[in-house]
Number of protein chains: 6
Amino acid sequence: MAHHPSPQDYRFDYFNVTFPAEYVAHVEINRPDKLNAFFEQMWLNLSTIFRKLSFDPHVRAILLTGAGDRAFTAGLDVKAASQGTLSQPTTSSPDPARTATTLRRHILDFQSCITSVEKCEKPVIAILHGISYGLAIDLSLAADIRLSTTTTRFSVKEVDIGLAADIGTLSRLPHAVGNASWVKDVCLTARVFDSEEALRVGFVSEVFNDKNAAVAAGLEKARLIASKSPVAIVGTKELLNYSRDRPVQDGLSYTAVWNAAMVQTKDVKDAMLSGLQRRKPTFEKL
Amino acid sequence: MAHHPSPQDYRFDYFNVTFPAEYVAHVEINRPDKLNAFFEQMWLNLSTIFRKLSFDPHVRAILLTGAGDRAFTAGLDVKAASQGTLSQPTTSSPDPARTATTLRRHILDFQSCITSVEKCEKPVIAILHGISYGLAIDLSLAADIRLSTTTTRFSVKEVDIGLAADIGTLSRLPHAVGNASWVKDVCLTARVFDSEEALRVGFVSEVFNDKNAAVAAGLEKARLIASKSPVAIVGTKELLNYSRDRPVQDGLSYTAVWNAAMVQTKDVKDAMLSGLQRRKPTFEKL
Amino acid sequence: MAHHPSPQDYRFDYFNVTFPAEYVAHVEINRPDKLNAFFEQMWLNLSTIFRKLSFDPHVRAILLTGAGDRAFTAGLDVKAASQGTLSQPTTSSPDPARTATTLRRHILDFQSCITSVEKCEKPVIAILHGISYGLAIDLSLAADIRLSTTTTRFSVKEVDIGLAADIGTLSRLPHAVGNASWVKDVCLTARVFDSEEALRVGFVSEVFNDKNAAVAAGLEKARLIASKSPVAIVGTKELLNYSRDRPVQDGLSYTAVWNAAMVQTKDVKDAMLSGLQRRKPTFEKL
Amino acid sequence: MAHHPSPQDYRFDYFNVTFPAEYVAHVEINRPDKLNAFFEQMWLNLSTIFRKLSFDPHVRAILLTGAGDRAFTAGLDVKAASQGTLSQPTTSSPDPARTATTLRRHILDFQSCITSVEKCEKPVIAILHGISYGLAIDLSLAADIRLSTTTTRFSVKEVDIGLAADIGTLSRLPHAVGNASWVKDVCLTARVFDSEEALRVGFVSEVFNDKNAAVAAGLEKARLIASKSPVAIVGTKELLNYSRDRPVQDGLSYTAVWNAAMVQTKDVKDAMLSGLQRRKPTFEKL
Amino acid sequence: MAHHPSPQDYRFDYFNVTFPAEYVAHVEINRPDKLNAFFEQMWLNLSTIFRKLSFDPHVRAILLTGAGDRAFTAGLDVKAASQGTLSQPTTSSPDPARTATTLRRHILDFQSCITSVEKCEKPVIAILHGISYGLAIDLSLAADIRLSTTTTRFSVKEVDIGLAADIGTLSRLPHAVGNASWVKDVCLTARVFDSEEALRVGFVSEVFNDKNAAVAAGLEKARLIASKSPVAIVGTKELLNYSRDRPVQDGLSYTAVWNAAMVQTKDVKDAMLSGLQRRKPTFEKL
Amino acid sequence: MAHHPSPQDYRFDYFNVTFPAEYVAHVEINRPDKLNAFFEQMWLNLSTIFRKLSFDPHVRAILLTGAGDRAFTAGLDVKAASQGTLSQPTTSSPDPARTATTLRRHILDFQSCITSVEKCEKPVIAILHGISYGLAIDLSLAADIRLSTTTTRFSVKEVDIGLAADIGTLSRLPHAVGNASWVKDVCLTARVFDSEEALRVGFVSEVFNDKNAAVAAGLEKARLIASKSPVAIVGTKELLNYSRDRPVQDGLSYTAVWNAAMVQTKDVKDAMLSGLQRRKPTFEKL
């Protein structure tokens with residue numbers, strides 16, 4: 001039985017997937033000459049990658065970054081999009097209802113790709129550096145932890161191209177930060193904001209001096225998470241996501257059912273014993 | 001077809017409604033000698049104004065302020081209320097169930113007036129200056145963006161008159177800020193808090209040196225929002241409000257249906273093209 | 001009829017319950033030699049205490065603290081737990097489904113004890129000082145107001161013993177603070193954080209120089225709350241908790257029904273009149 | 001103070017509103033030459049009538065019927081509609097997003113008129129006789145009790161004019177009857193069904209030999225309801241509607257708050273005493 | 001280890017609890033001279049009984065009946081109630097808000113007693129014979145299976161004593177039967193209905209010729225359920241109750257988590273093997 | 001552009017997919033020698049087929065049947081399953097938490113396959129003939145319309161193999177029929193029931209004399225549905241499914257957004273005009 005992840009399972013043109021530490025995967029968006037802007041094939045590949053990582057027993061924490069110095073991602077490749085579905089629906093029908101049907105299918109598909117980051121069983125740490133516009137916000141909101149740098153420039157950019165953001169930002173941002181006035185402000189004005197503001201309102205949880213420092217810190221955090229019981233980690237992510245969307249009482253009920261199976265793991269004994277003996281526990285794959 | 005809004009449609013004794021910039025309306029609560037305190041006719045008029053603005057094609061963003069230097073609003077005119085429904089229900093019945101029926105109808109009506117600000121399709125920017133007590137909190141929570149000044153004095157005042165706030169604060173505040181402990185604190189103690197605290201917990205998103213600066217900034221923000229595609233702006237407000245109240249997955253589904261119609265707008269092409277050509281787009285009325 | 005609370009109703013081995021001010025109860029977790037760590041009998045007693053306080057007409061606000069200088073509580077007494085249900089389920093069956101049934105009943109019972117703090121009709125102010133790990137977070141999240149000191153050390157500790165926290169933290173934390181990235185971070189890493197961070201993200205609402213100052217401030221706040229109409233206070237707690245878990249519109253409807261009865265209280269007149277006459281009102285027991 | 005309802009408050013061209021028994025109102029749709037088909041002014045008037053009846057203290061139960069022998073209502077007046085909003089949106093814009101905005105406002109308005117029957121505090125008994133197509137289904141589903149005759153012909157007609165029913169049938173029917181397969185069948189095929197089928201699946205609760213018998217029985221039922229405590233009746237309608245839409249536990253909580261005020265009515269004592277003394281109680285107006 | 005249930009654990013004045021078959025408990029309401037009418041101590045005892053049965057490993061199915069020929073239960077003992085809390089609140093305060101507080105606590109307690117039948121992990125089969133009024137409906141709706149006889153007389157009686165039913169009927173009935181019009185009819189009129197009607201609308205699932213036949217059939221059904229894997233039975237009850245209150249997708253997610261533990265039971269193998277070998281399986285206690 | 005569907009796109013070993021009428025697809029489960037029992041590959045293929053049909057512009061209605069005289073489907077192929085995942089989880093770990101993780105992934109996958117019938121945009125008519133056990137119930141509940149024959153034998157079989165049904169029956173059945181007592185009965189006892197009972201409680205909507213008659217009637221119904229505007233049909237299915245799971249008010253809001261795009265279709269004009277001219281309309285592909 002192989003004890004290492006298989007990089008060849010994760011080869012895609014615009015993504016580098018590496019395994020920089022035990023049980024840690026690193027997904028790098030790799031189209032730096034275009035500021036890591038996305039076109040359709042890229043979000044389909046992103047989804048494939050995260051659906052694989054979700055079940056890969058060699059992976060317990062994931063780092064998500066953008067290649068190059070300039071951008072996590074500048075968002076949707078508008079030029080590509082302007083030649084594509086958005087402005088020229090594939091249906092030739094002039095019937096607005098039929099066009100709506102095609103568009104709805106397309107939006108649901110696109111949303112589903114981004115949501116595969118949220119549905120990935122393993123925690124995802126996104127490092128937002130440089131330009132982080134539009135899709136950068138949608139994508140990082142589907143991740144679990146958001147870190148940034150002192151020079152990151154964020155924008156919920158969609159109203160500037162004439163549309164309400166529709167692949168996640170408007171649905172997740174009100175549940176992710178604690179300033180509803182700010183949420184409306186940045187979504188309605190598309191203005192650029194910086195990390196100081198992002199930290200204050202709760203969009204990111206830590207800010208670092210530069211990309212290198214942020215990536216290093218993210219990697220260290222991933223390593224730390226990967227050192228814990230994967231049963232505990234996967235459960236923690238799932239239960240937090242479940243509870244975010246529901247009344248406290250529903251969260252409690254679901255948690256009780258979840259842990260009725262999960263605390264039967266021997267990881268609990270191993271972790272407790274290691275704690276008492278002040279040594280590092282090892283846990284079986286999940 | 002008139003290309004200007006019609007101030008005469010918006011004439012009410014205690015409100016000034018003006019149109020200081022293209023597609024921007026300014027609603028000023030105008031009872032400064034009473035610290036802009038509200039009595040029943042005023043919240044009925046407020047509701048009428050916002051229901052009109054909601055569908056006025058000449059309006060794309062709204063500024064909401066209080067007249068005078070001293071207060072956004074001191075809240076309910078307690079003296080008026082103490083002579084009115086609250087303490088002397090209109091029913092003469094000594095039957096508590098019948099009194100409850102009358103009171104519930106009254107509370108629902110009052111709530112509905114405040115909610116008309118939230119239901120207004122166009123974004124509303126509230127400028128809270130000076131005394132901002134009781135109804136000031138309810139009302140501004142129904143607005144989209146809250147700005148304040150260094151001298152604003154806020155209070156969730158209702159427990160001081162013997163009642164749990166019932167026209168919006170207790171329902172909206174837990175969804176508007178990110179500090180549940182603080183929410184309980186200010187609602188249970190009725191203590192006064194200032195803008196520094198309001199900014200820290202996320203009740204307002206920006207603080208300005210004085211009322212003039214805040215109003216100027218609010219107007220500038222309204223102007224900016226009014227310069228965007230109204231299709232995108234109206235959708236963004238609606239989708240954020242919808243998602244605030246629902247699981248992420250429900251927000252995504254609703255968004256997909258919404259945008260299936262809305263991205264068919266030619267505003268998308270116009271905005272994209274203007275962006276590429278670095279010129280200011282103009283958008284058809286909505 | 002006695003006008004004082006009855007301390008003898010509240011005698012338990014590991015809790016001191018006192019009444020330091022009119023209408024104020026003080027519950028002190030009292031096992032300082034074990035850092036106030038909990039074993040099963042303690043959370044059962046805690047629940048008994050708060051269910052009594054909920055209906056005690058002499059109580060209008062509650063302070064919750066930990067005895068000694070070192071800890072609010074270090075959480076679950078892991079040594080006790082490691083000899084108990086968690087690692088050695090009381091059922092002798094090797095059948096994972098039967099073990100799951102036993103565990104689920106146990107977790108639901110434990111959750112229910114912690115939830116009795118949230119369900120207590122009267123507001124609860126928790127003072128987190130020193131070590132505040134694991135159960136400290138669960139418990140204080142069921143309280144209404146959280147205050148801490150400059151030396152408090154917090155940790156969502158559960159992943160370190162191999163399990164996803166299951167008695168409240170994962171269900172309540174996403175609704176209590178305004179930084180989803182931070183919530184995931186502290187729950188997935190079990191790292192220690194301090195009061196500065198806790199205040200920034202909104203987990204506590206005020207930080208004091210030391211335990212004495214925090215307890216004094218908490219007591220003062222309890223006194224202030226206890227001086228208000230108990231009808232208004234009980235309603236405010238209930239309506240905020242209800243609204244946290246539901247869409248704004250549902251919160252408004254429930255509020256209207258609630259207040260249809262509650263604004264019939266003569267406390268409203270008394271409070272208004274006292275306000276106008278600038279004197280301190282007194283309110284009948286509840 | 002007048003002890004009779006005021007028919008002159010309820011004068012509209014296409015509705016007869018009478019008061020055939022104490023505390024009973026009878027609303028008759030009165031456009032028999034057009035099979036009681038609706039055009040826009042009619043549903044606006046319908047809404048006005050039911051909003052008035054909701055608060056009229058002389059009314060405790062309402063009968064809703066269609067004039068003439070042939071139809072409760074044949075539904076929307078398609079000819080009128082085909083000249084109106086539906087096919088020729090009032091906006092002249094060829095922009096599908098702007099047209100969608102206009103249409104959505106229109107649909108919400110129309111829905112709101114129909115919903116005013118459901119929101120009416122007093123129970124509404126609909127008598128469906130003869131042709132009962134389209135809007136007849138939407139409208140009667142907003143009523144509380146549905147009675148029909150052996151010759152009633154029902155149809156969820158909307159797919160036959162190219163649209164999914166949008167003013168209530170698709171939202172209310174799944175919650176009103178107990179055969180999901182049948183619901184899909186009649187909504188997808190638009191086929192006509194009769195009273196035997198309607199009774200079997202639970203769409204109506206009683207079937208009578210002819211319109212006269214059905215109206216007489218409906219009137220008798222209205223009379224019976226009107227003889228009960230209006231506090232009990234209004235509460236029963238509200239609580240059933242609330243619970244239909246929510247988990248059982250939410251229904252119970254809301255019920256407890258509702259009745260905390262309502263069982264304080266002296267109607268309870270009066271009703272109990274009358275029951276023991278086997279005499280007919282009288283209740284104060286509501 | 002005892003292999004029999006312990007009748008002495010279940011001794012209460014107005015209830016007979018017996019164990020007529022392996023793993024089957026029979027709870028008989030035993031106040032036949034008063035038509036099994038309930039007063040407060042009885043519903044408290046009922047709750048105690050069902051909370052015990054829920055965890056009794058010797059019990060897998062429960063039969064609930066009323067003693068004597070005349071009634072399952074005539075409901076609340078109105079004479080007792082008229083001397084009790086309902087009409088003379090224990091608080092001496094004339095303050096409607098304080099009275100409401102007392103009443104709400106009382107209603108929640110009463111609801112909770114009835115809900116303990118629904119929360120009981122083991123299925124409950126109620127046999128409704130003779131007079132089945134008021135509380136009979138509330139109580140049987142908290143049971144899982146309702147059987148009746150040709151002479152049962154049902155009534156949702158509460159409006160006849162001036163109140164909206166508040167211990168379960170209005171919250172559960174809309175989710176239990178498939179005829180919303182009928183639900184409104186019987187709840188608003190308090191009219192008596194018979195088993196033929198009850199079967200047609202789905203309130204009961206089978207009707208028998210007399211009480212003996214119904215009890216015998218109920219016992220046979222309990223025996224059948226008790227012969228199945230208790231893991232499967234307890235899960236089936238829980239998952240159906242969960243799903244009744246929630247969207248299908250939520251039901252599916254919860255089911256997957258539930259069965260992830262439960263299908264690990266060896267009962268699955270035993271049941272499959274027994275099925276193939278056409279013999280009766282035996283299952284370990286739960 | 002081809003105007004016919006492509007049978008070669010739908011070739012799978014155990015399914016026949018044909019196109020017996022314009023815009024009508026017929027999916028036949030084809031493993032008659034094993035009573036159409038399912039093993040894993042089959043439900044994966046089923047899902048593939050329905051996801052294709054969902055977007056196939058040549059398909060507007062779908063008939064789902066089982067090959068042979070004896071069974072729609074006998075459910076899960078227990079022999080295959082007993083050699084597979086259910087009883088021998090693919091993980092070799094003896095750790096119940098890890099086994100639970102594997103099982104949960106498996107159950108979610110299986111559920112998702114069945115749900116693809118519900119998510120298919122086009123209506124699905126299931127013909128249940130002969131033996132219709134276990135998976136037959138899960139599968140047909142994901143369809144829209146259920147028809148059966150006088151000799152169909154139904155059973156919610158799962159408790160007989162030691163588990164609570166987990167691929168849909170327990171989540172969908174409470175929302176599909178109107179007799180909660182009956183739902184509990186058949187799910188807890190696994191007893192066989194017939195079409196008369198199925199029709200009475202609302203599980204099927206029509207019963208035919210034999211399989212041929214049922215298939216013919218189903219095909220006729222599919223043809224009728226396929227003759228309507230596909231915009232109206234797809235919307236009707238979606239809106240009914242959405243509303244089943246939500247409060248009426250949410251259903252209305254979603255409907256308004258949906259139809260804001262969809263009533264822009266020219267199908268409305270075509271359908272209205274055809275209706276007035278009494279001719280059969282034709283509609284563009286969707």
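In one entry, the side chains of A:K184 and B:D144 form a salt bridge, at 2.7 Å from N to O.

I record that this is a predicted model, in which local features need pLDDT of at least 70 and side-chain atom pairs count only at pLDDT 80 or more, while totals for chains, interfaces and linings use all residues. Residues are numbered from 1 along each chain as its sequence is written, chains are lettered from A in the order in which they are written, and side-chain values use heavy atoms, with hydrogens and water left out.

I checked the confidence next. Chain A has a mean pLDDT of 94, and 94% of its residues reach 70 or more; pLDDT is the predictor's confidence in each residue, from 0 to 100. The model scores 0.96 for ipTM and 0.96 for pTM.

**Chain A against chain B**

I found 45 residues of chain A and 50 residues of chain B in the contact, where contact means heavy atoms within 4.5 Å. The two chains bury about 3,900 Å² between them, with 65% of it on carbon and sulfur atoms; buried area is the accessible area (1.4 Å probe) that two parts lose on being put together, summed over both. On the side of chain A, the most area is lost to chain B by A:S181, A:K184 and A:L188, together 17% of what that side buries.

I also noted 21 residue pairs in polar contact between the chains, both residues at pLDDT 80 or more. A polar contact is a pair of N or O atoms within 3.5 Å; within protein, one must be able to donate a hydrogen and the other to accept it, and residues adjacent in sequence count only if both atoms are side-chain atoms.

**Domains of chain A**

I read the domain assignment, automatic or from a database, as domain 1 (7-226) and domain 2 (230-277). Their C-alpha centres lie 27 Å apart. In contact are 11 residues of domain 1 and six residues of domain 2, and the area buried between these domains is about 780 Å², of which carbon and sulfur atoms give 55%.

I counted two salt bridges between the domains. A:E118 and A:R244 form a salt bridge, their closest N and O atoms being 3.0 Å apart.

Definitions and conventions. Salt bridge = Lys/Arg side-chain N within 4 Å of Asp/Glu carboxyl O.
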